[in-house]
Amino acid sequence: MNAILQSLSNIQVFSCYFKELPSVALRSGKMAGRRMYHTRSQGDSSVSLVEEFRKTLCSLWQGSQTAFSPDALFYVIWKIMPSFRGYQQQDAHEFLRYLLDHLHREMQGSKNGSPSPTLAPDRAKHTSESKCCINGTSTIVTSVFGGVLQNEVYCLICGTESRKFDPFLDLSLDIPSQFRIKTTKDQEPRPTCTLNDCLRSFTDLEELDETELYMCHKCKKRQKSTKKFWIQKLPKVLCLHLKRFHWTAFLRNKIDTYVEFPKRGLDMKSYLLEPENSLPERCLYDLSAVVVHHGSG
């Protein structure tokens, strides 16, 4: 939780938005008529994730030399995200997704709250298909982290092509199998895996295996097919998740392959569906934060 909060607090466009929100009086007793953010997912008006997140960011940036413990936020998370209750280890990426999703949904349901930044019409149209964007309403979460993928599936039997748009808040990237092979001391070192290798693997044309056969509407049955992703729209802040665990029938193995990435100027233009329509500087990303998992568990 700490690693994710530190990362989000250092994304200026995101944290500044929350720090500038007005404080929220929760609905209880004499406070019943005051401004509030409604926790739509739980129907519980006694807690507000947005308000506790705002207070946490304000405390982190107030300039005090003392440490800050986000106890109130911690217990609100327990209340509205039951899967994170208790003190067992949790996955940082999973926590990030839950946190952003709940912030987004609570802000969509805000009553008399500050208006959220709106998306361009084409972005709003695509995000309406997303589970995350209920009723297609944009918030600061989708405005900052929201991008759109185009998913193309091609039937190898009849040639029918299906396209759909999938909004995303992050991209989960496999580490290519050729970089996962462990080498012994006697063998020559293999080429270093780069972040671009992972991105190419994500966007490469892929033939779906027998367990993922595509339901072709023309053939009216499941057929062999290929799949390819394009990025239709890049987000302002690009969140990339490296899949560090490999599952077999009985075991889960940690993939400890080193992945090289640039601190400045990650160029995403070659992964765009229509690169000619994007300004070059809008495809370049500088590193803001890294969350690293240590250990095998």
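This is a predicted model: local features need pLDDT of at least 70, side-chain atom pairs count only at pLDDT 80 or more; totals for chains, interfaces and linings use all residues.

Packing of the helices

Guide: Helix α1 (residues 2–9) packs on helix α5 (residues 92–108) at an angle of about 55 degrees, and their axes lie 9 Å apart. Residues are numbered from 1 along each chain as its sequence is written, and side-chain values use heavy atoms, with hydrogens and water left out. Helices here are DSSP runs (H or I, at least four residues), numbered from the N terminus. The axes are lines fitted to C-alpha atoms over the stretch in contact, with angles from 0 to 180 degrees between N-to-C directions.

The angle therefore makes α1 and α5 oblique to each other (under 35 degrees is roughly parallel, over 145 roughly antiparallel, 65 to 115 roughly perpendicular, and the rest oblique). The crossing of α1 past α5 is right-handed, which applies if the near helix is turned clockwise from the far one by less than a right angle, anticlockwise being left-handed. On the α1 side the contact (heavy atoms within 4.5 Å) is made by Ile4, Leu5 and Leu8, and on the α5 side by Ala92, Phe95, Leu96, Leu99 and Leu100. By class there are 8 nonpolar residues in the contact of α1 with α5, with no polar and no charged ones. Ala, Val, Leu, Ile, Met, Phe, Trp, Tyr, Cys and Pro count as nonpolar, Asp, Glu, Lys and Arg as charged, and the others, Gly among them, as polar.

Helix α5 also packs on α3, at about 115 degrees, with 9 Å between the axes. Here Leu49, Val50 and Phe53 of α3 meet Leu99, His102, Leu103, Glu106 and Met107 of α5. The contact of α3 with α5 divides into 6 nonpolar, 1 polar and 1 charged residues.

Next comes α2 against α3, whose axes come within 8 Å and cross at roughly 110 degrees. The two are therefore roughly perpendicular to each other. From α2 the contact takes Phe14, Ser15, Phe18 and Lys19, and from α3 it takes Val50, Phe53, Arg54, Leu57 and Cys58. The classes in the contact of α2 with α3 are 6 nonpolar, 1 polar and 2 charged.

Lastly, α4 has the buried residues Leu73, Val76, Ile77, Trp78 and Ile80. Buried means under 20% relative accessible area, exposed over 50%, and partly exposed in between, with a 1.4 Å probe and protein chains only. Among the elements that cover these residues of α4 are α1, α3 and α5.
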